[in-house]
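Reader: I have some questions about how the labels for this model were reached. Please give the grounds in each case.

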Amino acid sequence: MPAPPPALRRSIPWLLAGATGVSLTLASPGSGDQSWIAFLALVPLLVAVDGADRRRAFALGFVASAVLWTITLAWPAPWVTHYGGIGW
């Protein structure tokens, strides 16, 4: 099997970090009965940071948490405007 191109090889850890963020979002309350995903959600991030230096591991973890935060931020806005009477 041939090795992937260098551009793809460099982007795989970042895609794994994003997959961790999406997986943690699916494991959050309100997304159905999918809490079992929480046990597997950090595996892609752990694979991505394996062998990385501290700075890159921090950046990968930051990307994972930014994806989680960005997706989960969408649900409070309608509630705040509807029930709190605060306009955006």
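Author: Accessible areas here come from the Shrake-Rupley method with a 1.4 Å probe. On that basis the chain exposes about 6700 Å², and carbon and sulfur atoms supply 71% of it. The model is predicted.

Reader: Why is Thr20 called buried?

Author: Buried means under 20% relative accessible area. Thr20 has 0% relative accessibility, so Thr20 counts as buried. Thr20 lies in helix H1, residues 6–26. Leaving aside residues up to four places away in sequence, Thr20 touches Ala41, Leu42, Pro44, Leu45 and Ala64. In the chain, buried residues make up 17% of the 88 residues.

Reader: What is the pattern of the chain along the sequence, and how do you know whether the chain is spread out or compact?

Author: The pattern is α-α-α-α, with four helices and zero strands. The globule rule gives 12 Å for 88 residues, and the radius of gyration is 17 Å, well over that value, so the chain is more spread out than a compact globule. Along its principal axes the C-alpha trace spans about 55 × 30 × 25 Å.

Reader: What makes the residues of the lining of the largest pocket nonpolar, polar or charged?

Author: The residue type decides: Trp and Pro count as nonpolar, and Gly is among the polar ones. The lining consists of Thr25, Ser28, Pro29, Gly30, Ser31, Thr72, Trp75 and Trp79. These residues divide into three nonpolar, five polar and no charged. The space in this pocket is about 160 Å³.

Terms used: Residues are numbered from 1 along each chain as its sequence is written. This is a predicted model: local features need pLDDT of at least 70, side-chain atom pairs count only at pLDDT 80 or more; totals for chains, interfaces and linings use all residues. Side-chain values use heavy atoms; hydrogens and water are left out. Helices (H or I, at least four residues) and strands (E, at least two) are DSSP runs, numbered from the N terminus. Buried means under 20% relative accessible area, exposed over 50%, partly exposed in between (1.4 Å probe, protein chains only). Contact means heavy atoms within 4.5 Å. On a 1 Å grid over the protein atoms alone, a cavity is a set of points where a 1.4 Å probe fits but cannot get out, and a pocket is an open set with protein on both sides within 12 Å along at least five of seven lines; lining residues have an atom within 4 Å of a point. Grid points are joined across faces, edges and corners, and a volume is the space filled by probe spheres set on the points. The radius of gyration is taken over C-alpha atoms; the globule rule is 2.2 Å times the number of residues to the power 0.38.
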